[in-house]
Each structure stands twice: as C-alpha cells, then as structure tokens.
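Let's take a walk through this protein together, one piece at a time. Have the picture open and follow along as we go.

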Amino acid sequence: MELQSVDILKKLITYKTITPKEENIYQYIYSFFDGWEKIHFDRNETKNLFIYKKFGEGEHLCFAGHIDVVPPGDGWETDPFEPIEKDGKLFGRGTQDMKGGVAAFVSACKDLKEFNGTVSLLLTSDEEGDAYDGTIFVLEELKKMKMLPDMCVIAEPTCEEKFGDAIKVGRRGSINGYLTIEGFSGHAAYPEKCDNPLHNFGDFLASVAGLDLDNGDDFFAPSKLVVTDLRSGYEVTNLTPGSLKMMFNVRNSTNTTKEDLEKFVKTNLEKSNISKYQLELKQGSFPFVTKEGKYSKRLVETISKSIEEISGITPKRSTAGGTSDARFMGQFGIDVIEFGVINDTIHSPNERTTIKEIEDLEKVFINFLTNI
Ligand SMILES: [Zn+2]
C-alpha cells in the first residue's frame, strides 16, 4: 500500500471550502472509492457525503470528519489555499483542522481489501458553523435506514506537543447561565426607599464564582462555574440600580447535569436572601465519555496500540477542549474516539502541519484497520 495522504492533502487544501461550501471536493474524494456505495445527504446549504463498503458480516466502523474550514483571516505569509511545503512543514488552511486528518483516513481506506465488517466515511461541510445540517443530520438519516455505525474515529487534531501524545475519549458539555436579580431603583440619599440588588450580591457571588460543582474523575476535570459578565446600574453615584444581570458558563462533565447546576445556584441565592430573580440555563452541548459502550474498550485499546507502534508514545486519554462532532456520535450511542495531528495553529494565520505527522497518521489508521 503506497502512502498518498500528503498528495491528497495538498489537493484538498486547494478547495476553498469555507463553511458550508463544498466546492466539489467530494467528487475528488470519491474518485478514490471505486466500487464503494455513496449517499449524498444535503440540507439547506450544507453538503454531506457518506461512502461505505460492506466487506464482511462484522461491525460497522466509520471514519468521520469535516471538509469545511474557517475563513483565512489576515496575517498569512502564503496563499492559504495553496499548499506550500517548507522545511518538512506543509502550510495551508485546514492542514491541522482537519483536512490533514481527512487525507490520512481517505488514503488509509481507499485500497482496503479485507475487513471483517463495514467501513464508511462520513464527511460534512458544516462543522465549523452551526452544525445543524451536518453530522447530526446524517446520523438521523442513517438511523432511519438502520445503518448507524457501531464505532467511529474522528480525525480532529488531538495531539498537544508530540504526535501520538493524546487521544480524545469524550468531551465536556457546555451550559450557559443567565441570571437577573430584580430590585427597585431610587435616590442614593434614601437607600431605605430602594431595593438595591448590588447590596445582597457579594455573598452570593463569593458562593458561586469559580466554584467546582464536582470533583472530576479519571476522564474529566471538575465542572467549574465561570462568571463571564456582570452588569448593573447607570454609571452614576446618585441612583441605585433596578436590576443586576450575571452571565456564566459551566463546561460540565458527566458528573454534573443542568439540574444539578440549577439547584446549586438557587440554593446559594436563597442563602444570600435573594428571592426576586429569573434564572435561565441553556445546555449547548452534552458531555459524553467513551468508557462504558459495547466497543469502547476495544476501540480505545486498539487505537492506543496503533499509535504506540507508529510513534513510540503512549497516548493519554483526554476530554479537554471545546466541542466537536464527536458529541453527536455520543448522542446516538456510537462509541467514538478522536485522534489526529498536533493542534497548535488551528484557526490561525499560517496554519500548518508536518509531512511526517500526516504520513504517520495514515500509518496509524492503516495499522488500526488491520487490528480492530
Ligand atoms: Zn475541526
């Protein structure tokens, strides 16, 4: 099997696939998959492609990724949509996030001759955007067709300092909070005639700001309440404010739910004698961890072993960072892990990866396909 991931990546960079544009990149990718089935799942502006082949009766393994990139922005020294190779590095928008990963799994799968089950590729043009019409839509459709994968590998860039040092086995969720404390404004010279929301607020703020809602575990850091905005008053000294507004966020682990957070905030409001308030909590994404699923052990152990064989490094199992499409796999009960190149220039000018990392990533996926 000849390694072709670097050549494929160079070609992928030339497509200006800024979310949700697809620019016929799928036509190029599919050209490697003669004899595989393909289904287009398009909705609104988003284009999704699902390619699969049934080699045998065993499990269904899916490689997933996004072909869209964020806009280049300013500060580039080269054309962001032209692959430039220099000193073993490859520059271009999407080299790390995540056309590099897509190139590696396309190259690893394209010449596959044997597999005890089904192999598929799930590609979307809407990961960097709202993601309503991307991976989650494809999974809804696959579910109706009874074709949901059993296991999934997402080739997002997960490594921190060295290639092979980290895989993602889950992600934290995110809950946004909006609290308004009601009062009654009036002249500062007659405080007894006012209900000043600022005066009761000190105790409450101290009881919640920066506090951990759980102790974390082997997979997650503690879920911390982080205050993001606080405002009240009229920027004057003779008038007390009529209300106070606080915004906050919790990146929550599987040990803390939205209900736990609501109880925590309400209890502390009560303790601080604050009774007139409105509290709104919105869960933007749910936390998940690949540890109890039917295939999770096999998935995590096989990819870890493949990484060790190629890089000589034992990857740590992380759930840090922002959200990714892996959350949708978690929602549909699909065991999922993420592994890809070093993540240190994503979304930045002069985004780059190294030729060696892309080749090694392809080797890891080839090894993984043989051993899973
Ligand atoms: Zn990405």
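**How the helices and domains meet**

Start with two helices: H7, which covers residues 296-311, and H9, which covers residues 355-371, pack with their axes 9 Å apart and at an angle of about 135°. Angles over 145 would count as roughly antiparallel and 65 to 115 as roughly perpendicular, so H7 is oblique to H9. As for handedness, H7 and H9 make a right-handed crossing. Keep in mind that you're looking at a predicted model.

Now zoom in on who touches whom. On the H7 side you'll find Thr302, Ile303, Lys305, Ser306, Ile307, Glu309, Ile310 and Ser311, and they meet Asp360, Lys363, Val364, Asn367, Phe368 and Asn371 from H9. Sort that contact by class and you get five nonpolar, five polar and four charged residues.

H9 has another partner to look at. Helix H1, residues 5-13, crosses H9 at roughly 115°, and the two axes come within 9 Å. Here Ser5, Val6 and Leu9 of H1 are in contact with Ile355, Ile358, Glu359 and Glu362 of H9. This contact splits into four nonpolar residues, one polar and two charged.

Time to zoom out. Where do they touch? Nine residues of domain 1 are in contact with six residues of domain 2. On the domain 1 side, the touching residues are three nonpolar, three polar and three charged.

How values were computed:
Residues are numbered from 1 along each chain as its sequence is written. This is a predicted model: local features need pLDDT of at least 70, side-chain atom pairs count only at pLDDT 80 or more; totals for chains, interfaces and linings use all residues. Two residues are in contact if their C-beta atoms, placed from the backbone, lie within 7 Å. Ala, Val, Leu, Ile, Met, Phe, Trp, Tyr, Cys and Pro count as nonpolar, Asp, Glu, Lys and Arg as charged, and the others, Gly among them, as polar. Axes are lines fitted to C-alpha atoms, for helices over the stretch in contact, and angles run from 0 to 180 degrees between N-to-C directions. Helices (H or I, at least four residues) and strands (E, at least two) are DSSP runs, numbered from the N terminus. Angles under 35 degrees count as roughly parallel, over 145 as roughly antiparallel, 65 to 115 as roughly perpendicular and the rest as oblique. A crossing is left-handed if the near helix is turned anticlockwise from the far one by less than a right angle, and right-handed if clockwise.
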